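Please read them with the structure open.

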Amino acid sequence: KRGRGDHHHHADPHGGGSTSQPDESTALGEMGMVLRDPPIFAFLAGTCYDRLRQVVKLERVPKQDFNLVFLTRLLQLACESRQMLREKRYKFHKAEDGLLRDFYPRLCSSVVDRALVAKGRQVDARQTDPTLVSWLANSGVAQAVYQQFVLDCLPGLEHGQESSIAEQALMTCAVALSQISTKALSEWSPFAHTLCGRVTEMLGAGKLEPASTLWDLAVDRVLVKACGQEVEVHLRVVGLLGLAARAKKLDGPALCSYLERTLESSEKARRRRRKRAAKEGKRGNESDGVYPAYQELRGDLGDLEHHPKLKEYLNDDD
């Protein structure tokens, strides 16, 4: 193990002065685009989060950990790659100082809190850190690493009390999502897709009830909102709601209410898909990418008299 003072004797993870000279080739931008591919980006973010947990365990300072700093630079490269290629300015930037000195220490505190909660300490799930929220709303790197923390908090929930940290983490995401533009929301789609998968597993295993705070935060505050972006996320959320209805955890009116909200949240995206389909001669709601999934749930919905939007959608009156 290295001591605190001897990190200067190793290759500098910050890249020294080399970043001040723009690289004329597009290789850096292209490499960033490869790292940006969702499975690769999630793997990188997961590795970065695992390293941060090690830093906590070893009682190190985040900015002095070689691996954490270098992984941060790779995540930054992924986040900056589109802009690099657009502006034709290529740099492998140093790790952002704010991430190392502010965001990571805050996330380290959350990791420590989680361990303390597992030992019985109480945490108020509604108490979110405004600075952490701001990092999630404004930094692609912070967002990606924090999302890994959220997903890491979910599997252990059968131990009861630990759900308060998962709730606090989801609350932090929900508040951040309320502060970002619709365009920026698309960056959350891979996370929403994975989160919906985890929530579906937990519901199927009897570890989650639709009446719970965790469901409210994950489904009402994050997943319903995410339906407006990727069709795969929308389909997965409708599948989750159908599963809850068939397990008798959601009654007809509650299911109708959720489906009206997912329709509302996805209105613009569905209109765009219908327009594209119309150019190929396809008409009506059937061409919006999600209609069959709603149609499949028709038997679980009951009377639609009080749900005009859903009634109109399923009857394809428009």
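1. Surface and fold. The chain exposes about 16,100 Å², and carbon and sulfur atoms supply 50% of that area. Accessible areas come from the Shrake-Rupley method with a 1.4 Å probe, and for residues only the protein chains shown count as cover. The model is predicted: local features need pLDDT of at least 70, side-chain atom pairs count only at pLDDT 80 or more, and totals for chains, interfaces and linings use all residues. Residues are numbered from 1 along each chain as its sequence is written, and side-chain values use heavy atoms, with hydrogens and water left out. The chain has 16 helices and zero strands. Both are DSSP runs numbered from the N terminus: helices are H or I with at least four residues, strands are E with at least two.

2. Burial and contacts. Of the 318 residues in the chain, 46% count as buried. Buried means under 20% relative accessible area, exposed means over 50%, and partly exposed lies in between (1.4 Å probe, protein chains only). Take the contacts between residues at least 6 apart in sequence: 72% of them join residues at least 24 apart. Contact means heavy atoms within 4.5 Å.

3. The largest pocket. About 1,100 Å³ of space lies in it. Of its 39 lining residues, the closest to the centre are Arg-36, Cys-79, Gly-140, Gln-143 and Glu-187. Pockets and cavities are found on a 1 Å grid over the protein atoms alone. A cavity is a set of points where a 1.4 Å probe fits but cannot get out; a pocket is an open set with protein on both sides within 12 Å along at least five of seven lines; lining residues have an atom within 4 Å of a point. Grid points are joined across faces, edges and corners, and a volume is the space filled by probe spheres set on the points.

4. Which helix gives the most to the lining of the largest pocket? Helix α6 does, with seven residues. Among the helices that each supply at least two residues are α1 (27-36), α2 (38-57), α5 (130-138) and α9 (189-204). The lining divides into 17 nonpolar, 13 polar and nine charged residues. Here Ala, Val, Leu, Ile, Met, Phe, Trp, Tyr, Cys and Pro count as nonpolar, Asp, Glu, Lys and Arg as charged, and the others, Gly among them, as polar.

5. The cavity. The count comes to one cavity of 30 Å³ or more. The largest cavity has a volume of about 40 Å³. Leu-177, Leu-185, Trp-188, Phe-191, Ala-192, Val-222 and Ala-226 line it. By class, that lining has seven nonpolar, no polar and no charged residues. Helices α9 and α10 each supply at least two of the lining residues.

6. Cys-173. This residue lies in helix α7 (residues 163-177). Cys-173 counts as buried because its relative accessibility is 0%. Leaving aside neighbours within four places in sequence, Cys-173 is in contact with Leu-136, Tyr-146, Val-150, Trp-188 and Phe-191. Cys-173 and Leu-136 are 37 residues apart along the chain, yet their C-alpha atoms are separated by 7.3 Å.

7. Two glutamines. Gln-76 is in helix α3 (residues 66-87) and, at 5% relative accessibility, counts as buried. Residues up to four places away aside, Gln-76 touches His-93, Lys-94, Ala-95, Glu-96, Leu-99 and Val-141. Gln-148 is in helix α6; at 18% relative accessibility, Gln-148 also counts as buried. With the sequence neighbours up to four places away left out, Gln-148 touches Ala-42, Ala-45, Gly-46 and Tyr-49.

8. Helix α10 against helix α12. The axes of α10 (residues 213-226) and α12 (residues 252-265) come within 8 Å and cross at roughly 35°. Axes are lines fitted to C-alpha atoms, for helices over the stretch in contact, and angles run from 0 to 180 degrees between N-to-C directions. Trp-215, Val-219, Asp-220, Val-224 and Lys-225 in α10 meet Tyr-258, Arg-261, Thr-262 and Ser-265 in α12. This contact has four nonpolar, two polar and three charged residues.

9. Two loop residues to look at. Glu-59, in the loop between α2 and α3, has phi near 55°, a positive value in a residue other than glycine. Glu-59 is exposed, at 74% relative accessibility. Lys-248, in the loop between α11 (231-246) and α12, has a positive phi near 60°. Lys-248 is exposed too, with a relative accessible area of 75%.
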